[in-house]
Amino acid sequence: MRALLYATIFGNVTTIFQQMYANTNRYHEMLNNVRDFLKLYQVPKGLSERVMDYIVSTWSMTKGIDTEKVLSICPKDMRADICVHLNRKVFNEHPAFRLASDGCLRSLAVEFQTIHCAPGDLIFHAGESVDTLCFVVSGSLEVIQDDEVIAILGKGDVFGDVFWKETTLAHACANVRALTYCDLHIIHRDALLKVLEFYTAFANSFSRNLILTCNLRKRLFGSRVKFFCLSEMSCRGGGTPLEGSETPSLLELFRVALCIRLQIDIHESLSVIQLLRKSP
């Protein structure tokens, strides 16, 4: 009996180690393939480093699991249940989804995609079409217009375009760039409009309650653009500019960026700037 117990334990441990070695080998094989690709096509050093950083950080989060491949194996009903679970943070945090029926949420969930961004990655380039609605689940991003940072986005913020109210496809008026590692849940224009067209009652509620933190269709005009500190609370409150001068100093922007790098709450950094401005 004892020998059988030892054999069972040893067999399970051996299986675990074999799986670990298999995953490690697959990881290193992928890295070698990417390095060979970058070397073959002489990709610039800066871009190569970004590619490697993205792959390593993505693997550390997903452990090499292909979500789409797993979902494709599941039947339709099960796939919808899994997608609702994967997008629960978006559905629970935003009032626009509170009146959605179970069937509506399932239809929306299967259309959502999750993307991972590394620091420096551009989600939108100025001038390109805005065909996705993006929900920030984690991380921080900056909005850049005319080489100036005009907004900082964080968890709970929404950016893109209100294309359910528009008849034309918008051109992005600014760049949106990741400051830290970010997870975004996105849904494409055509997919969202298809769901809204079918669930008309939800469409009215969605249109009333979803507030974009940053509408990339609309350009901010003026010689001095107000700096908005955008986060979950300011999104729901419509956004509140810093008190004092219209544009913060370079030192203030650095302090805000430092707070984000250190993962300090953005409202704390806003309070610090306001206190500094009031001090003699």
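1. Start with Phe37, which comes out as partly exposed, at 46% relative accessibility. This is a predicted model, so read that value, like the others here, as computed from predicted coordinates. Tyr41 is exposed, with a relative accessible area of 55%; the cut-off for exposed is over 50%, so Tyr41 passes it, while Phe37 at 46% counts as partly exposed.

2. These two residues also pair through their rings. The centres of Phe37 and Tyr41 sit 4.9 Å apart with the planes at 50°, so this is a tilted pair. In total the model has 13 aromatic pairs.

3. Now compare Phe163 and Trp164. Here the ring centres are 5.6 Å apart and the planes stand at 90°, which makes the pair edge-to-face. Phe163 and Trp164 are both buried. They also belong to one aromatic cluster, whose other members are Phe91, Phe97, Phe112, Phe135, Phe202 and Phe206. If you colour one group of side chains, I'd pick this cluster of Phe and Trp residues.

4. On to helix H2, residues 45-62. Its 18 residues reach 26 Å from the first C-alpha to the last, close to the 26 Å expected at 1.5 Å a residue. Which residues of H2 are buried? They are Ser48, Met52, Ile55, Ser57, Thr58 and Trp59.

5. Salt bridges next: the count is 8. In one of them, Asp77 and Arg106 meet at 2.5 Å, N to O. Asp77 lies in helix H4 (residues 76-86) and Arg106 in helix H6 (residues 102-109), so the link spans distant parts of the chain, 29 residues apart. Arg106 is buried, with a relative accessible area of 17%; buried means under 20%, so Arg106 falls inside that limit.

6. Another salt bridge joins Lys194 to Glu111, with the closest N and O atoms 3.3 Å apart. This pair also links distant parts of the chain: Lys194 is in helix H7 (residues 189-198), Glu111 is in the loop between H6 and strand S1 (113-117), and 83 residues separate them. As for Glu111, the side is partly exposed, with a relative accessible area of 23%.

7. Arg189 and Asp190 form a salt bridge too, at 3.7 Å, N to O. Elsewhere, salt bridges that share partners tie Asp77, Asp81 and Arg106 into one network.

8. Last, strand S10 (residues 182-188). S10 is mostly covered, with 6 of its 7 residues buried. S10 pairs with S1 in the antiparallel sense over 5 bridges, and here His116 has Asp183 in S10 as its bridge partner. S10 also runs antiparallel to strand S4 (residues 132-138), and 6 bridges join the two. In this second pairing, Val136 stands opposite Leu184 in S10. When you look at these strands, keep in mind that side chains in a regular strand alternate between the two faces of the sheet.

Technical notes: Residues are numbered from 1 along each chain as its sequence is written. This is a predicted model: local features need pLDDT of at least 70, side-chain atom pairs count only at pLDDT 80 or more; totals for chains, interfaces and linings use all residues. Side-chain values use heavy atoms; hydrogens and water are left out. Helices (H or I, at least four residues) and strands (E, at least two) are DSSP runs, numbered from the N terminus. The expected span of a helix is 1.5 Å times one less than its number of residues. Buried means under 20% relative accessible area, exposed over 50%, partly exposed in between (1.4 Å probe, protein chains only). A salt bridge is a side-chain nitrogen of Lys or Arg within 4 Å of a carboxyl oxygen of Asp or Glu. Two strands pair if DSSP finds at least two bridges between them. Rings of Phe, Tyr and Trp (its six-membered ring) pair if their centres lie within 6.5 Å; planes under 30 degrees apart count as stacked, over 60 as edge-to-face and the rest as tilted.
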